[in-house]
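Work through the exercises below with the sequence and the 3D view at hand. Try each task before reading its solution.

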Amino acid sequence: MKIFGERLRELRTERKLSLREVGKIVGVSHAAIARYEQNETQPKFETVDKLANFFGVSTDYLFGRTDI
């Protein structure tokens with residue numbers, strides 16, 4: 001799931017959001033967001049869904065199944 005972390009970081013930095021801001025929005029700690037971006041842990045599906053909705057992308061995009 002290496003692509004997930006890369007895409008999450010890209011989306012977050014494009015919007016100039018901190019780890020803490022994204023964590024607060026989706027209901028996890030900033031440390032959890034950092035671990036997702038570094039591909040150290042995998043988020044629960046509910047968190048992936050919240051991230052996709054917030055950033056306006058599909059879960060397939062976050063997982064690297066599509067580039068759209």
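**Exercise 1.** Find the closest N and O atoms of Glu14 and Arg15, and state what the two residues form.

*Solution.* Step 1: the closest N and O atoms of Glu14 and Arg15 are 3.8 Å apart. Step 2: apply the cut-off for a salt bridge, a side-chain nitrogen of Lys or Arg within 4 Å of a carboxyl oxygen of Asp or Glu. Glu14 and Arg15 therefore form a salt bridge. The classes are buried (under 20% relative accessible area), exposed (over 50%) and partly exposed (in between), with a 1.4 Å probe and protein chains only.

Two notes apply to every exercise. The model is predicted, so local features need pLDDT of at least 70 and side-chain atom pairs count only at pLDDT 80 or more, while totals for chains, interfaces and linings use all residues. Residues are numbered from 1 along each chain as its sequence is written, and side-chain values use heavy atoms, with hydrogens and water left out.

**Exercise 2.** How many salt bridges does a search of the whole structure find? Describe the one between Asp67 and Arg7.

*Solution.* Step 1: the search gives five salt bridges. Step 2: in the pair of Asp67 and Arg7, the closest N and O atoms are 2.5 Å apart. Step 3: Arg7 belongs to helix α1 (residues 2-14) and Asp67 to the segment after α5 (59-63), so this pair ties together parts that are 60 residues apart in sequence. Helices are DSSP runs (H or I, at least four residues), numbered from the N terminus. Step 4: compare the two partners. Asp67 is exposed at 64% relative accessibility, whereas Arg7 is buried at 13%. Step 5: check Arg7 for a ring. Its charged end sits over the ring of Tyr61, 4.2 Å from the centre; for Arg, this requires CZ within 6 Å of the ring centre and within 35 degrees of the ring normal, and for Lys the atom is NZ.

**Exercise 3.** Are Arg12 and Glu37 buried or exposed, and which network do they belong to?

*Solution.* Step 1: Arg12 and Glu37 form a salt bridge, with 2.6 Å between the closest N and O atoms. Step 2: Arg12 lies in helix α1 and Glu37 in helix α3 (residues 30-37), so the bridge links parts 25 residues apart in sequence. Step 3: Arg12 is buried at 12% relative accessibility, and Glu37 is buried at 4%. Step 4: salt bridges with shared partners join Arg9, Arg12 and Glu37 into one network.

**Exercise 4.** Which residues touch the most other members of the largest nonpolar core?

*Solution.* Step 1: recall that a nonpolar core is a set of buried Ala, Val, Leu, Ile, Met, Phe, Trp, Tyr and Cys residues joined through side-chain atoms within 4.5 Å. Step 2: this core has 15 residues, and those that touch the most other members are Phe4, Leu8, Leu51, Phe55 and Leu62. Step 3: two or more residues come from each of α1, α2 (19-26), α3, α4 (45-55) and α5. Helix α4 gives the most, with four residues. Step 4: take Leu62. Leaving out residues up to four places away in sequence, its contacts (heavy atoms within 4.5 Å) include Ile3, Phe4, Val48 and Leu51.
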